[in-house]
Amino acid sequence: MSLNAAIDGLRTTLATMTGLKRTYADPPESINEFPALIVYSQRGEMHFSAAGGHSLHTLIADVYHARQVLPEAVDAAKVWPDLAYAILKDNQTLGGSVSHVVGPIGYQMLPLQYNQNLHFGVKFTITVKVNES
């Protein structure tokens with residue numbers, strides 16, 4: 001298991017959320033389809049032990065819900081936390097790419113800047129544990 005596998009596992013798992021139109025494997029130049037998902041690493045820590053150790057990776061999953069920050073977008077984006085929670089609860093190993101998701105799962109609903117554009121969406125903060133052998 002690796003950081004790359006953890007990112008791929010989270011992206012693949014969250015890509016099953018109903019309503020997503022686009023999931024990016026790599027950050028694009030711009031976002032043109034909404035809602036869209038981008039997953040990346042924010043920070044982590046790695047621990048050594050006689051048994052091999054483990055890593056904790058804090059991953060960010062941004063759901064860019066709409067092109068603009070409008071009341072309709074703010075209202076419509078309310079579905080994402082419940083969808084993400086249900087999917088992660090049912091697949092805590094992210095398809096075998098991590099040992100498990102470490103709670104709590106954080107989220108913020110806010111304007112998200114991407115390149116020079118401001119969109120509205122949800123930023124999830126998800127920590128995963130990877131056991132090293």
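What percentage of the contacts in the protein between residues at least 6 apart in sequence join residues at least 24 apart? The value is 64%, where contact means heavy atoms within 4.5 Å. This is a predicted model, in which local features need pLDDT of at least 70, side-chain atom pairs count only at pLDDT 80 or more, and totals for chains, interfaces and linings use all residues. Residues are numbered from 1 along each chain as its sequence is written, and side-chain values use heavy atoms, with hydrogens and water left out.

**Whole chain**

Start with a cartoon view. The protein has three helices and five strands, in the order α-β-β-β-α-α-β-β from the N terminus. Helices (H or I, at least four residues) and strands (E, at least two) are DSSP runs, numbered from the N terminus. The radius of gyration, taken over C-alpha atoms, is 15 Å, close to the 14 Å that the globule rule gives for 133 residues, so the protein is as compact as a globular protein of that length. That rule is 2.2 Å times the number of residues to the power 0.38. Along the principal axes, the C-alpha atoms fill a box of roughly 55 × 30 × 20 Å.

Switch to a surface. The accessible area comes to about 7,300 Å², and carbon and sulfur atoms account for 52% of it; areas come from the Shrake-Rupley method with a 1.4 Å probe, and for residues only the protein chains shown count as cover. Of the 133 residues, 41% count as buried. Buried means under 20% relative accessible area, exposed over 50%, and partly exposed in between (1.4 Å probe, protein chains only).

**The cores**

Select Leu-10, Leu-14 and Ile-126. These residues have the most contacts inside the largest nonpolar core, which has 27 residues. A nonpolar core is a set of buried Ala, Val, Leu, Ile, Met, Phe, Trp, Tyr and Cys residues joined through side-chain atoms within 4.5 Å. At least two core residues come from each of α1 (3-14), β2 (36-47), β3 (54-66), α3 (79-90) and β5 (117-131). Strand β5 gives the most, with six residues.

Keep Leu-14 and show what surrounds it. Leaving aside neighbours within four places in sequence, Leu-14 is in contact with Leu-20, Leu-37, Ala-61, Ala-84, Leu-88 and Ile-126. Next, select Ala-36, Ile-38, Tyr-64 and Tyr-114: they are among the eight residues of a second, separate core. In soluble globular proteins, nonpolar side chains tend to be buried together.

**His-119**

Go to His-119 in strand β5. Is this residue buried or exposed? His-119 counts as buried, because its relative accessibility is 2%. Residues up to four places away in sequence aside, His-119 touches Ile-31, Phe-34, Tyr-64, Ala-66, Arg-67, Val-69, Leu-110, Pro-111, Leu-112 and Tyr-114. Two of these, Tyr-64 and Tyr-114, also belong to the second core. For a distance check, pick Asp-62, 57 residues from His-119 along the chain; their C-alpha atoms are separated by 11 Å.

**Cis peptide bonds**

From Phe-34, step to Pro-35. The peptide bond between them is cis, with omega near -10°, and Pro-35 lies in the loop between β1 (22-24) and β2. Another cis bond runs from Gly-103 to Pro-104, with omega near 0°. Pro-104 is found in strand β4 (residues 100-114).

**Loops**

Where is Leu-94? Leu-94 sits in the loop between α3 and β4. Although not a glycine, Leu-94 has a positive phi of about 50°, and it counts as buried at 3% relative accessibility. Gly-96 is also in the loop between α3 and β4 and is partly exposed at 46%.

Move on to the loop between β4 and β5, which holds Asn-115. Asn-115 has a positive phi of about 55° without being a glycine, and at 45% relative accessibility Asn-115 counts as partly exposed.

End at Lys-78, in the loop between α2 (71-76) and α3. Lys-78 is exposed, with a relative accessible area of 51%. Its C-alpha atom is separated by 37 Å from that of His-47, 31 residues away along the chain.
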